[in-house]
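Reader: I am new to reading protein models. Please take me through one part closely.

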Amino acid sequence: MKAIFAEADRVPFVRQVEDVVMSTPVVDIHTHLYDPAFKDLLLWGIDDLLVYHYLVAEVFRYLEMPYEKFWSMSKTAQADLIWDELFIKNSPVSESCRGVLTTLHLLGLDVKKRDLAALRKWFAGQKLNDHVTRCMEVAGVSRIYMTNSPFDDLEHALWQKGFTRDERFIASLRIDPLLIALPEATAKLKRWGYEVSPELSSQKSFDEIRRFLADWSKKLGARYVMVSLGPDFHFPAGDQMTQIIEKAVLPHCREFGMAFALMPGVRRAVNPQLRLAGDGVGTSDLTSLQNLCASYPGNKFMATILARENQHEACVLARKFRNLHIFGCWWFTNIPLLINEITRQRIELLGLSVTPQHSDARVLDQIVYKWHHSRLIIAEVLRDKYTALAQTGWQVSRAEIERDVKNLYGGAFDRFLGTK
């Protein structure tokens with residue numbers, strides 16, 4: 001068989017792909033981070049890295065202590081315990097543990113000493129605004145999409161008070177309570193001056209929900225509306241959720257030119273004693289996503305699905321509906337094995353019209369490891385795809401590689417939203 005590349009050409013080609021993938025700025029299109037003006041709501045530093053819910057769930061694989069005892073401990077004590085169990089008593093080989101070490105290493109800290117006190121001292125000496133810039137620069141992230149819920153009392157108060165925005169942080173409007181906890185949501189809406197009945201007994205309730213969505217989309221400058229849903233989500237279903245989506249959310253999104261982002265697959269509180277770490281995963285019926293895309297071609301939909309079993313069907317749906325944008329590998333799919341598999345599947349079925357990753361970070365520093373680890377995998381996938389092209393006689397230039405990576409790192413997403 002004829003060689004694809006002369007050996008002298010192959011190494012520079014591989015390095016060229018890796019260089020572009022590792023150095024191109026990325027738009028992180030979904031996180032749980034906040035503008036630095038939110039101060040304490042923006043989590044950062046070694047203790048927040050260690051008590052992140054991924055590691056909390058993992059540490060209880062080793063602990064026999066009652067859950068209540070752990071939750072009664074201070075954050076510092078919880079972090080000490082997790083560090084001792086997952087990093088000292090056991091090798092930190094899980095993706096969540098490795099991620100902490102990658103973050104520390106890329107921030108220039110020495111992890112070989114295993115000195116948690118020294119790590120704390122370093123973070124204590126950082127100023128928040130400078131640290132935000134440092135993390136974004138090390139991660140190669142140019143813009144960060146937040147998850148903003150008016151139904152969160154602390155966040156609601158800050159938006160109402162007003163603050164000077166950091167232009168690098170972009171809002172998205174999270175509406176979970178409106179769809180999955182309507183009685184509580186309508187109580188708040190009424191308190192805020194929106195006449196919405198829990199029974200949704202009149203068109204006025206839907207008009208008032210639209211007024212609420214409009215007011216907060218403007219206040220936040222939100223680019224899309226989003227919701228996390230259980231695997232049992234069905235549309236249409238003749239229930240209140242379907243009515244709110246059909247009569248309020250989708251008309252609002254059409255009027256404001258916003259996409260509706262769905263994140264199905266979360267089984268909430270399968271172990272409530274783990275609190276935020278206690279959610280599980282279930283396989284979703286993507287017929288609901290198909291029905292949305294088919295019934296509302298004037299709407300744009302985004303989707304990232306939690307279960308591995310749904311990934312192929314999601315890609316096929318995106319091939320059939322141009323109003324659907326697939327993005328990211330989150331939570332239980334955010335491990336190298338599945339990121340590699342899912343990224344290959346998407347590119348093989350959808351080309352460069354997807355956003356292969358988002359960090360889903362809840363702690364600022366996590367963008368460092370999540371993007372570094374994902375970039376390594378994306379580089380491997382693209383290297384293989386360009387090598388396969390070369391077998392046909394098609395050669396890609398560096399400029400074309402740069403174009404392709406920009407598409408994957410936010411260009412395709414911006415075009416889909418119509419923001420560029």
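How do the residues of the lining of the second largest pocket divide into nonpolar, polar and charged?

Author: They divide into nine nonpolar, two polar and three charged. Here Ala, Val, Leu, Ile, Met, Phe, Trp, Tyr, Cys and Pro count as nonpolar, Asp, Glu, Lys and Arg as charged, and the others, Gly among them, as polar. This is a predicted model, where local features need pLDDT of at least 70, side-chain atom pairs count only at pLDDT 80 or more, and totals for chains, interfaces and linings use all residues. Residues are numbered from 1 along each chain as its sequence is written, and side-chain values use heavy atoms, with hydrogens and water left out.

Now the space itself. The second largest pocket holds about 230 Å³. A pocket is an open set of points on a 1 Å grid over the protein atoms alone, where a 1.4 Å probe fits, with protein on both sides within 12 Å along at least five of seven lines. Its volume is the space filled by probe spheres set on the points.

Lining residues have an atom within 4 Å of a point. There are 14 of them, and L43, V51, Y52, H53 and L276 lie nearest the centre. Helix 3 and helix 5 (75-88) are the elements that give two or more residues to this lining. Helices are DSSP runs (H or I, at least four residues), numbered from the N terminus.

The largest pocket has about 830 Å³ of space. L276 is also among the residues closest to its centre. Helix 3 (53-59) gives two or more residues to that lining too. Helix 10 gives the most there, with three residues.
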